[in-house]
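Subject: Structure for your review

Dear colleague,

I am handing over the structure below, followed by notes on what was found in it. Please read the notes with the coordinates open.

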Amino acid sequence: MDGHSHNSSDLAIRAGMETDLDAIYALECATFEGDRLSRRALRRFLRASHRPLLTARSGGRVIGYILVSLSSRSAAARIYSLAVQNDQGRRGVGRELLIAAERYASAHGRSRLRLEVRYDNAPAIALYEKLGYRCFGRHTDYYDDGAEALRFEKALIPAQK
Ligand SMILES: CC(C)(COP(=O)(O)OP(=O)(O)OC[C@H]1O[C@@H](n2cnc3c(N)ncnc32)[C@H](O)[C@@H]1OP(=O)(O)O)[C@@H](O)C(=O)NCCC(=O)NCCS
């Protein structure tokens, strides 16, 4: 399969399963140099009953994933990780994963979605701003290499009861 064979009509977003672990961990390693989720942590999320990890699949393969953290005492959910396979970039996969995460957070009663992003991650910042996220603060010395994180937030439309 070449890098251009994905078309959006065969893109499917669904809860990840434990059988996706190898593919997700490979994607994690290929995408991030530092601040990676361990295989063990990913397995724990894939086993969690509330299914917080959503995958994007195309042609039977996992090409992206997003992980949503639901803290029990917060009105905000948080994007814990988001990655799209490098050769599948700029085709709307990240956008679809983020929209699915927003629905997931609403369905779990959260009214806001928050995330942190490296100050110099222009593609991710462009995606978040395009989908209506606002920068509301920063964390200094946030990443393994000491880089700063920008904090973004979006108010969610309540889920239909
Ligand atoms: C950030 C990331 C998830 C974006 O995924 P993607 O599937 O390529 O994004 P999409 O195709 O849905 O892009 C949606 C919009 O985001 C913006 N965008 C995405 N990639 C961009 C880039 N490289 N440069 C500029 N803008 C970009 C654009 O506005 C784009 O809309 P457009 O293509 O109509 O102009 C992906 O690049 C990735 O996995 N990066 C490495 C991991 C990472 O940084 N994760 C986020 C950590 S906070």
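In these notes Ala, Val, Leu, Ile, Met, Phe, Trp, Tyr, Cys and Pro count as nonpolar, Asp, Glu, Lys and Arg as charged, and the others, Gly among them, as polar. On that basis the shell around the ligand divides into ten nonpolar, five polar and four charged residues.

Two points on conventions come before the rest. This is a predicted model, in which local features need pLDDT of at least 70 and side-chain atom pairs count only at pLDDT 80 or more, while totals for chains, interfaces and linings use all residues. Residues are numbered from 1 along each chain as its sequence is written.

As to confidence, the chain averages a pLDDT (the predictor's confidence in each residue, from 0 to 100) of 93, and 94% of the residues score at least 70. Residues 1–6 stay under 50, and for them the model has eight contacts beyond four places in sequence, a contact being a pair of residues whose C-beta atoms, placed from the backbone, lie within 7 Å.

The chain has four helices and seven strands, taken as DSSP runs numbered from the N terminus (helices H or I, at least four residues; strands E, at least two). Read along the sequence, they follow the pattern β-α-α-β-β-β-α-β-α-β-β. The radius of gyration, taken over C-alpha atoms, is 15 Å, close to the 15 Å that the globule rule (2.2 Å times the number of residues to the power 0.38) gives for 161 residues, so the chain is as compact as a globular protein of that length. Along its principal axes the C-alpha trace spans about 45 × 40 × 30 Å, and of the contacts with a separation of 6 or more, 62% join residues 24 or more positions apart.

Around the ligand there are 19 residues, of which Gly94, Arg95, Pro123, Ala126 and Leu127 come nearest; a residue is near a molecule if its C-beta atom, placed from the backbone, lies within 6 Å of it. Strand S4 (76–84), helix H3 (93–107) and helix H4 (122–130) are the elements that give two or more residues to this shell, and H4 provides the largest share, six residues.

Of the 161 residues, 29% count as buried, that is, with 20 or more other C-beta atoms within 10 Å of their own, where 12 or fewer means exposed and anything in between partly exposed, the C-beta atoms being placed from the backbone. Beyond four places in sequence, the contacts of Tyr65 include Gly16, Ile24, Leu54 and Ala83.

Gly64 lies in strand S3 (residues 61–70) and counts as buried, with 25 C-beta neighbours inside 10 Å. Its C-alpha is 5.4 Å from that of Ala83, although the two are 19 residues apart in sequence; the residues Gly64 touches also include Gly94 and Leu97.

Finally, two backbone angles may deserve a look. Arg51, in the loop between helix H2 (39–47) and strand S2 (53–58), has a positive phi of about 50° although it is not a glycine, and Arg51 is partly exposed, with 15 other C-beta atoms within 10 Å. Arg90, in the loop between S4 and H3, has a positive phi near 65° and is exposed, with 9 other C-beta atoms within 10 Å.

Kind regards
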